[in-house]
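Please walk through this structure with its charged pairs and its packing in mind.

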Amino acid sequence: MSELTAIEAETLELLEWPRLAQHLASFASTRAGARQCGTLVLPAHFAESQRRLAETTELLGLDGLTEGGLSFAGAADIGATVSLCVKGGVAPGEDLLAVATTLAAARRLRRQIEDAEVRPVCSALVAELRTLPELEQRLHFCLEEGGRVADRASEALEAVRRQLQAGRAARRDRLQEMVRRLGGLLQDTVISERQGRPVLAVKAGVAGQVAGLVHDSSASGLTVYVEPQAVVAAGNRLRELEGQEREQEQRVLIELAALVAEQADSLHHLEGVLTRLDAGLARARYGLWLGAVRPELDPDPFSPFELRDLRHPLLLWQERRQGGRPVVPVTLAVGSCLRVVAITGPNTGGKTVTLKSLGLAALMARCGLFLPCSGTPRLPWCGQVLADIGDEQSLQQNLSTFSGHIRRIARMLDALPPALAGHANPTGWLPPPPHSPQGADLVLLDEVGAGTDPQEGSALAAALLRHLAERARLTVATTHFGELKALKYADDRFENASVAFDSDSLSPTYHLQWGIPGRSNALAIATRLGLEPLVVAAAARQLEPGGAGDVNLVIEGLEQQRRQQQEAAEAAAALLARTELLHEELLQRWSEQRHQSAALQEQRRQALETSIREGQGEVRGLIRRLRQVGQSVEEAGIRQGRLAGETARQAGQRLRQLEAEHRPPIERRQHGGWRPQLGERVRLLALGKAAEVLALSDNGQELTVRCGVLRSTVSLEAIEGLNGEKPSPPNPPEVRIRGGTALAGQGAQVGTARNTVDVRGLRVHEAEAAVEEILRGASGPVWVIHGHGSGKLKRGLREWLEGVPYVERVADADQGDGGGGCSVIWLK
């Protein structure tokens with residue numbers, strides 16, 4: 001850190017920097033951190049400012065993620081204790097115990113902070129931190145709560161304290177026995193203490209009857225406090241033991257102080273790291289309280305200033321802590337080629353607050369503090385901030401004479417470099433060279449040239465601003481001189497700005513306007529403040545035509561035009577916002593209608609399927625009842641039951657056809673190389689729901705899945721992964737079938753227990769139900785054993801299968817598989 005020059009220190013006072021530092025110190029957790037924040041030394045190099053900003057950012061994130069925030073509990077100011085031990089002194093037990101708690105706090109913080117990927121700067125800071133666990137354990141072993149030396153710290157100390165305890169107990173018992181024996185001679189039975197010795201309150205008239213030493217008497221003279229002779233020797237012995245105890249305690253403290261002195265360098269380094277971390281955390285919490293954002297510092301002094309909605313931090317404090325007026329933000333946008341900004345406008349309009357806000361923003365960014373702005377503030381690293389502010393409207397009065405202003409400006413010019421690097425001439429500008437290690441120079445001038453003859457002051461102010469354009473990166477000056485407003489039109493390094501004034505309410509709005517010079521509005525303000533109207537009218541008549549009055553009329557016209565343009569822009573922005581909202585609303589409604597239509601169709605389909613299932617249930621129940629009735633009636637009744645059963649069978653067949661027509665088609669998707677595994681969750685394409693894989697077939701073409709309480713067997717093509725993966729079929733195994741020929745077009749497929757159903761002995765409608773049950777879970781041919789018999793069962797099944805939409809064809813099985821007594825069903 002570099003030493004501040006006198007003019008820099010004076011600038012800090014004018015900008016009320018110490019007051020901001022005290023606000024920051026209130027967010028520190030330790031006394032050492034509060035001291036560092038209270039001084040708030042400015043970094044001398046750009047890299048140090050970047051490091052502080054990184055520390056602030058990392059600690060802000062960690063503090064938000066940690067429950068209750070980062071805690072420095074246990075961390076103490078141990079610098080003086082360590083220095084005392086290094087000099088051979090003996091620190092009190094309480095101070096030595098603070099060293100132990102500080103070591104424990106440092107170890108806890110290092111464990112919370114250390115993460116090189118997330119927090120590289122703070123992790124590097126604590127990486128070399130030595131927390132000295134052996135020293136901490138030794139201090140905790142030898143010292144109890146409050147800093148008292150523990151008995152276990154020394155065998156000799158423990159022995160002395162045992163003797164003290166026994167001696168005190170024996171003396172107390174002896175005194176209690178004397179109180180009981182001499183009760184009639186005592187004023188009180190309480191054993192008191194005088195000058196560290198136990199005494200009895202003996203009546204003055206009988207004091208001679210109690211042998212001992214008189215240590216005191218009451219104010220009335222009626223009571224004498226006597227130490228009985230019987231315990232005098234015991235008291236002397238205890239005094240001797242107490243001296244030995246102090247001597248042993250001192251030896252322990254000397255040993256501990258020596259251990260602390262041996263680790264002095266590590267302890268000083270640890271205290272410095274904790275102080276830096278506490279200061280960084282204070283910056284983070286202060287920025288969070290301000291609602292501030294991290295600035296982007298540029299080492300190039302010619303980089304632009306971009307500060308949107310900047311608020312004065314001290315006024316924010318006053319607003320939130322002291323109930324002050326709401327702070328009006330200002331926006332500053334200064335390009336790379338601008339060197340001087342002249343701010344004009346009425347008094348009490350906020351010109352000086354703008355100067356101070358800009359100066360504090362440059363200093364805060366340099367110190368690693370976040371800025372109370374909107375968006376991302378950008379500005380160059382300012383190596384020097386120089387100010388001459390006579391602020392009669394500020395929080396602190398600072399009335400300066402013209403001579404005082406000139407002396408301060410002269411010191412500012414002495415502190416600036418002889419010429420601005422990268423400058424060629426007033427009209428031509430060369431590209432700036434690589435950034436200067438000294439950074440940018442920011443100059444702030446309040447009421448430049450004021451306090452003297454207006455004509456001479458105006459000429460002096462214009463010359464000074466032209467000179468500063470040659471030597472400083474940016475100069476911001478407030479003024480009422482009309483001549484300074486015209487500098488912009490002769491030199492493109494100059495720009496005008498003004499604080500707005502509401503002519504209707506005759507009061508300033510505190511908003512900063514760029515590109516248009518402002519009017520002082522002295523007559524309007526005088527009217528608002530109650531000056532005699534006749535005086536104001538006379539002053540208005542004295543304004544010379546063609547002079548300042550005409551200039552003010554031009555400025556007024558420009559301001560009106562600017563307001564109209566701003567209103568038009570705001571109206572256009574509002575119209576665009578309403579159009580975007582309408583567009584989003586239309587898209588949302590279209591999406592909702594589309595989803596509602598799909599949902600309605602799905603509801604209708606589900607309702608139809610429910611009705612079909614209910615109808616099928618009723619048909620099956622009817623079949624069961626008819627079968628039961630058919631077993632108990634005669635032949636005529638049997639024929640009637642069969643007729644009713646045939647009618648029920650046809651109704652059930654029609655219901656199945658309706659269900660097939662309205663069942664959503666199974667999506668056939670391309671394979672993507674993914675294969676389901678046992679226990680994996682997949683999506684059933686027919687239902688659109690997730691299911692768990694319970695088993696896989698040997699050939700990998702079928703899966704047994706569970707969807708809710710439903711357990712079924714589906715083909716590989718009827719599923720997909722939850723993320724849309726397409727299943728890839730396993731490589732077809734080479735299967736050799738002996739004793740039979742493969743059916744045409746179906747490859748080598750054979751009947752197994754899984755794809756074969758035996759319906760012999762069943763009626764046609766019963767056989768249909770059994771065959772339909774196995775067809776629902778089949779993924780290949782199905783073998784139906786119906787036998788030869790009269791052929792009625794075979795014909796009934798064949799007729800029914802012709803109307804099943806998902807059956808491709810039916811044929812007799814091979815001779816080896818039953819021939820005409822077995823039918824093979826191929827699915828589509």
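The model is predicted.

Start with the helices. Two packed helices are described by the angle between their axes and the distance between the axes. Helix 4 covers residues 46–65, and helix 11 covers residues 264–290. Their axes come within 8 Å and cross at roughly 70°. That angle falls in the range from 65 to 115 degrees, so helix 4 and helix 11 are roughly perpendicular to each other.

Now look at who meets whom. Helix 4 contributes Arg51, Arg52, Glu55, Thr56, Leu59, Leu60 and Asp63. Helix 11 answers with Arg276, Leu277, Gly280, Leu281, Arg283, Ala284, Arg285 and Leu288. By class, the residues of this contact divide into seven charged, six nonpolar and two polar.

A network of salt bridges joins Glu48, Arg51, Arg52, Glu55, Arg276 and Arg283. Side chains of opposite charge can pair when their charged atoms come close. Across the whole structure, a search finds 40 salt bridges.

Next, move to strand 6, residues 305–310. Strands of a sheet pair through backbone hydrogen bonds, either parallel or antiparallel. Strand 6 pairs with strand 7 (residues 330–334) in the antiparallel sense, over four bridges. Strand 6 is also joined to strand 9 (residues 374–380), again antiparallel, by two bridges.

Which residues does Glu306 partner in these two pairings? In strand 7, its bridge partner is Ala333. In strand 9, the bridge partner of Glu306 is Arg378. Glu306 and Arg378 also form a salt bridge, with the closest N and O atoms 3.9 Å apart. Glu306 lies in strand 6 and Arg378 in strand 9, so this pair ties together parts that are 72 residues apart in sequence.

Strand 15 (residues 681–684) pairs with strand 19 in the antiparallel sense over three bridges. Within that pairing, Arg683 has Glu720 of strand 19 as its bridge partner.

The side chains of Glu692 and Arg706 meet in a salt bridge, 3.1 Å from N to O. Glu692 lies in strand 16 (residues 689–696) and Arg706 in strand 17 (residues 702–707), so the pair ties together parts 14 residues apart in sequence. Glu692 has a relative accessible area of 25% and is partly exposed. Arg706 is partly exposed as well, at 37%.

Arg760 and Asp758 meet through their side chains in a salt bridge, 2.8 Å from N to O. Asp758, at 42%, counts as partly exposed.

Definitions and conventions: Residues numbered from 1 in each chain as written. Predicted model: local features only at pLDDT ≥ 70, side-chain atom pairs only at ≥ 80, totals over all residues. Heavy atoms only, no water. Pairing = 2+ DSSP bridges. Axes fitted to C-alpha atoms, helices over the stretch in contact; angles between N-to-C directions. Parallel < 35°, antiparallel > 145°, perpendicular 65-115°, else oblique. Contact = heavy atoms within 4.5 Å. Nonpolar A, V, L, I, M, F, W, Y, C, P; charged D, E, K, R; others polar. Salt bridge = Lys/Arg side-chain N within 4 Å of Asp/Glu carboxyl O. Buried < 20%, exposed > 50% of the residue type's maximum accessible area, 1.4 Å probe, protein only.
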